[in-house]
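Visitor: Can you walk me through this model? I'd like to start with the pockets.

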Amino acid sequence: LGYQQMLQGELQKAEQTFHEAVARDETDVRALYGIIHCRVQEGNLDDAEEQLEFLSEIQVSVGKSPDLAFLQSLLAWRKRRDVDGALQLLNETLTLHITAFKAAVGYDFFIKLNADFMLDIAREYLQHTIGTPAAEGSKPGGYLLRGIQVLDTLTRFVPGLVPAQVLLAKAKVAMDEIDVATRILHQCLRLDPSNSDTYLLLARIYHGKDQPNAALQYLEQGLSHDFSVRNHPLYHLVKAQV
């Protein structure tokens, strides 16, 4: 329940649920990870780091988990702005996670795959490589490809996960594979015609092609499903051009 609340952005409720789980079982590591993740998202980085260091020490005997490596990656970037360190920890997260699910079969495979966690990993890879200047010594091209590989794997096993498909399309745009991105986005519209992010990205693509009328058409369609599209800078830019 706490994890679902966190995914919905209800961080205070999620943290309370995780605390209740810990009160019932002090050894529930998943609940402890959940509390720390909430703290990171709330911006309480000092508190999150202190708790994570403590948890790391008591977890030494059982080895590092994907969740631990992922939280360390989040803090490396959000607190210390250490891009290389964050990306190295993401690599470790992905390796540990793949090891955990690759041997699973049937329904157990999809549980261990943990689609939302995979999507979080991909988002972290891509936030360092799409629209962000590369840090000295980093390899943004390689990490962009790594993020795409994560999303390819995820969308192959869970093709109906539209946020993953949209993020994959964004990555394809960054790779200048515009036709591939457009095809993915049209598939997204068939899966979920109400997803405003799909319309915004299609509008951005057609705006880049200097086709403002087509871009405006997608923006208007997105607006019919989500009025917040009207507040997007691209909406006003395309509207002015038309």
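Visitor: How much space lies in the largest pocket?

Guide: About 720 Å³, in what is a predicted model. Of the 26 residues lining that pocket, Tyr-3, Phe-18, Arg-30, Asp-67 and Asn-114 are the closest to its centre.

Visitor: Which helix gives the largest share of that lining?

Guide: α3, with 5 residues. At least two lining residues each come from α1 (2-7), α2, α3 (29-42), α5 (66-78), α6 (83-101), α7 (106-113) and α8 (115-127).

Visitor: And how do the lining residues divide?

Guide: Into 13 nonpolar, 7 polar and 6 charged.

Visitor: What volume does the second largest pocket have?

Guide: About 330 Å³. It is lined by 14 residues, and the closest to the centre are His-37, Gln-41, Asp-120, Arg-123 and Glu-124.

Visitor: Switching topic. Where is Thr-17?

Guide: In helix α2, which covers residues 11-24.

Visitor: Buried or exposed?

Guide: Thr-17 counts as buried because its relative accessible area is 17%, and the cut-off for buried is under 20%.

Visitor: What is Thr-17 in contact with, leaving aside neighbours within four places in sequence?

Guide: Leu-1, Gly-2 and Gln-5. With Gln-5 there is also a polar contact between the side chains, at 2.7 Å.

Technical notes. Residues are numbered from 1 along each chain as its sequence is written. This is a predicted model: local features need pLDDT of at least 70, side-chain atom pairs count only at pLDDT 80 or more; totals for chains, interfaces and linings use all residues. Side-chain values use heavy atoms; hydrogens and water are left out. Helices (H or I, at least four residues) and strands (E, at least two) are DSSP runs, numbered from the N terminus. Buried means under 20% relative accessible area, exposed over 50%, partly exposed in between (1.4 Å probe, protein chains only). A polar contact is a pair of N or O atoms within 3.5 Å; within protein, one must be able to donate a hydrogen and the other to accept it, and residues adjacent in sequence count only if both atoms are side-chain atoms. Contact means heavy atoms within 4.5 Å. On a 1 Å grid over the protein atoms alone, a cavity is a set of points where a 1.4 Å probe fits but cannot get out, and a pocket is an open set with protein on both sides within 12 Å along at least five of seven lines; lining residues have an atom within 4 Å of a point. Grid points are joined across faces, edges and corners, and a volume is the space filled by probe spheres set on the points. Ala, Val, Leu, Ile, Met, Phe, Trp, Tyr, Cys and Pro count as nonpolar, Asp, Glu, Lys and Arg as charged, and the others, Gly among them, as polar.
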